[in-house]
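Please find below a colleague's note on the model under review. It is arranged as numbered points for reading alongside the coordinates.

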Amino acid sequence: MRRRTFLGSSAAVGGLGLLAACAPGSDTDGGGGDAAAPEASDVETDPAAMGEVSLKVWDQEVRGAQNDAITALIEAFEQEYPNITVERVSQSFDDLQQQTGLALSGNDVPDVLQVNNARGDMGEFVKAGQLTDLSAYSEAYGWEDRYSTSVLAKSRYSADGVTFGDGPLWGLPQTGEVCGIYYSAAKLEALGAQPPTTWDELFALVEAAQEAGEQPLVLGNLEQWPALHVFGPLQANFVSTEEIITLGMGNAGADWTGDANVQALTQLADWAGSGAFGDSPNGLAYDTAWAEYTEGTGVLLIGGSWLGPDMEAVMGDDLRFMAPPAGADGTVATTGGTGLPFAIPAEAANVDAAAAYIDYITSDAAMELIAEKGGMPVLRTAELAPESGVNKDIYEAFDAVSTDGVLLPYLDYATPSFADTAGAALQEVIGGQAEPSAAAETLQADYGEFTAQG
Amino acid sequence: MSKSPPSAVVRSRVTPYLFILPAFLVYAAFSLYPLLRAAQFSLYEWPGFGPSTFVGLQNYTDLIGDENFRAAIGNALVLILFYAALPVVIGLVLAAIFRRGQVRGMGFFRSVIFLPQVIALVVVAVAWRNIYAPNGPLNQALRAVGLDELARGWLGDPGAALPAVGFIGTWLEMGLVMLLLLAGMSRIPDDLFEAARLDGAGPVREFFAITLPSVRGEIVVALVLTIIAALKTFDLVYMTTSGGPGNATTVPSYEVYHRAFQLREVGSASAVAIVLTVLVFAINVLVTRIGERSR
């Protein structure tokens, strides 16, 4: 009896609470979506003329080389423009990604912020009007001459967030990334093989390694996303780059269930089924996998350029890197792209100074500094390549792909839920729980549903 | 020393509530309000920032057809077996042994069994992830004794992943349950056991006739605690499998996190959270009812 009264009254209190509380998000006006984009002519590009500015920068460049480069750049920037003080907050990618949504809807926003290119991140923020359109700055500073089209496309969205890869510019990246093939020079020699120049040679190499009792490929896919970095390059052997870009950017007009995509998934399934990735790639953690590779497991490792320096520390000269062989279009195409672009929130207090900062950290001099500290600059990569070591291979591969070839988008950019859909689907293809055609249907369902909404 | 009658304030019907008020305010601000806000969010479509749209109960009706959500609930129910049922059975046996036994170093063994409760869950998860790795200690041990066929990537195998995660839970909760039951058993007067022994009862008979009925209350408490732990488990899944392979190990709490922070569907995440709260509440009411009735 008593309990019932208590429940009743607490329900009544609850009801009142519900009535009194306002709808979620209604206390903000949806960001600064109504603010007009600045014109190139009203843009101030001389930082010295901006008065005393305290510039708030949030980034996720916490790892060794990246952190060194940013720190040095900020120091140089402050020295050159003593009227500007940079207040930097750096945190891990995951932390920053999860805070960005909250930070952008608050009143006290940073001036410069690294925002992930994906539709679930940058796309949503653009749609909500929370970022500054950088087109005017791009014109004033000449960013379009500085960057190649395929690099800038990854930071372009239409103002309504529907089209990805085209439209105004919302951010500018500083570093580059590319997925390619690591190989052990000694193991290739032992197999009597050359680095593959075509995909057929690569398939033959995998078989030869298997016959010789070696594990041909190394993959740790416990986290679900690593397989995307193997499937991306592989897909380019079967599917035209144009279709992959449409699929990867989540724009309408492509189809996951086409023959070429199913063939690519089948190849992945065949590799996994034949044990080319070892006994249990899905049970192996990403970081364990590459650590085992450095200790002598496996001949090839398909993965991102960021692994190079750490693996080289163990393997030395034995570790080499190459861009994948030319794909279906006859051009070198592989998953890759840029570090997270630096963007300016719509509500930022010091937009001009923020743009000047972004310009400064992506200048030619900045690229040299990044290379000097051991990172991979997104521009002038080939000329800044070190004399030797795996970074030389990586720089050259990135340059070849980003200038003459095609940098394909990460497939998980496509839709807000695609990272999971694709991660789970590829895991099931590798584990043999899903037929390639069924996996293609799953991918198509997510992509199709999303593009139909647009 | 004549007693004066209680003052008007003390006699007032409001007074007891005034005593509760400070605690209630804290409770309301940090528990009730967030719960109600979550309930409210669950009626909206909202990415976590910017404007929101009222959608009524649609987030809930969407859940019915949502494969991931159903998988999550199913997995949570399986985890109850590993987090609650097994630990209670094992804990009972262990506690009974410890109560009877006069083994030397009892305190040491007790501490070792309780230790998992003390270690941060993230550390536990990382340790077990290494144990389950394809070339990890578990598989090495299996291969060493010739059971090569059993060796597998435990967290990557769709059939093995959920039991593998569940077993970590068993290992974790065992110690807690044992300690609770041991405390209950220590309250049983020794004369009871003596009487039973005089009547010719062996250890097994003693256990079922005296020990088990005496600790029924503790068993209910242990079940409530471990079932809650099973239903809201997050850290272990997040750190070991991220819900994979496929969605083989996803759980409701992971779905909440995933929807709110990765898919930016705060409305749907809140709906999952509310369903989870109701589920935890319902199952525990059931457990306590059964416990009380059979007393």
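1. The structure is a predicted model, and local features are considered only at pLDDT of at least 70. Side-chain atom pairs count only at pLDDT 80 or more, while totals for chains, interfaces and linings use all residues.

2. The contact between chains A and B. On the chain A side 37 residues take part, and they meet 33 residues of chain B. Four helices of chain A each supply at least two residues to this side: H1 (2-20), H3 (93-105), H4 (119-127) and H18 (418-431). The most is given by H3(A), with five residues. By class, the side of chain A that touches chain B has 20 polar, 13 nonpolar and four charged residues.

3. A position in helix H3 of chain A. A:Leu102 is located in this helix. The residue counts as exposed, because 10 C-beta neighbours lie inside 10 Å and the limit for an exposed residue is 12 or fewer. Between the C-alpha atoms of A:Leu102 and A:Leu222 there is a separation of 30 Å, for a distance along the chain of 120 residues.

4. Domains of chain A. Chain A is divided into domain 1 (2-175 + 339-373) and domain 2 (177-337 + 399-452). Their C-alpha centres are 31 Å apart. The contact between them involves 12 residues from domain 1 and 16 residues from domain 2. On the domain 1 side, the elements that give two or more residues are H4, helix H7 (149-153) and strand S5 (164-169) of chain A. That side of domain 1 comprises seven polar, three nonpolar and two charged residues.

5. The nonpolar core. The largest nonpolar core has 199 residues, and A:Leu268 and A:Ala354 have the most contacts inside it. Both domains of chain A take part, as this core draws at least three residues from each of domain 1 and domain 2. With residues up to four places away in sequence left out, A:Leu268 touches A:Phe231, A:Leu234, A:Val429 and A:Ile430.

6. A backbone point in chain A. Most residues other than glycine have a negative phi. A:Gln224, which is not a glycine, has a positive phi of about 80 degrees. The residue belongs to the loop between helix H9 (199-211) and helix H10 (226-238) of chain A. A:Gln224 is buried, because 23 other C-beta atoms lie within 10 Å.

7. Overall form of chain B. Chain B contains 14 helices and two strands. Its radius of gyration is 24 Å, well over the 19 Å given by the globule rule for 295 residues, so the chain is more spread out than a compact globule. Along the principal axes, its C-alpha atoms fill a box of roughly 85 × 75 × 30 Å. Of the 295 residues in chain B, 37% are buried. Among contacts in this chain between residues at least 6 apart in sequence, 72% join residues at least 24 apart.

8. Helix H14 of chain B. This helix (residues 266-293) has 28 residues and reaches 40 Å from its first C-alpha to its last, close to the 40 Å expected at 1.5 Å a residue. Its buried residues include B:Val266, B:Ala269, B:Val272, B:Leu276 and B:Ile283. The buried residues of H14(B) pack against several elements of chain B, among them helix H2 (15-41), strand S1 (44-45), helix H4 (67-100) and helix H11 (216-231).

9. H13(B) is mostly covered, with eight of its 11 residues buried. Among them are B:Tyr254, B:Glu255, B:His258 and B:Arg259. The cover of its buried residues includes H4, H11, H12 and H14 of chain B. In the loop between helix H12 (235-240) and H13 of chain B lies B:Ser242, which has a positive phi of about 50 degrees although it is not a glycine. B:Ser242 counts as buried because it has 20 C-beta neighbours inside 10 Å. Just after H13(B), B:Arg264 takes a positive phi of about 55 degrees.

Methods: Residues are numbered from 1 along each chain as its sequence is written. Chains are lettered from A and ligands numbered from 1 in the order in which they are written. Two residues are in contact if their C-beta atoms, placed from the backbone, lie within 7 Å. Ala, Val, Leu, Ile, Met, Phe, Trp, Tyr, Cys and Pro count as nonpolar, Asp, Glu, Lys and Arg as charged, and the others, Gly among them, as polar. The radius of gyration is taken over C-alpha atoms; the globule rule is 2.2 Å times the number of residues to the power 0.38. A nonpolar core is a set of buried Ala, Val, Leu, Ile, Met, Phe, Trp, Tyr and Cys residues joined through C-beta atoms within 7 Å. Domain bounds come from an automatic or database domain assignment. The expected span of a helix is 1.5 Å times one less than its number of residues.
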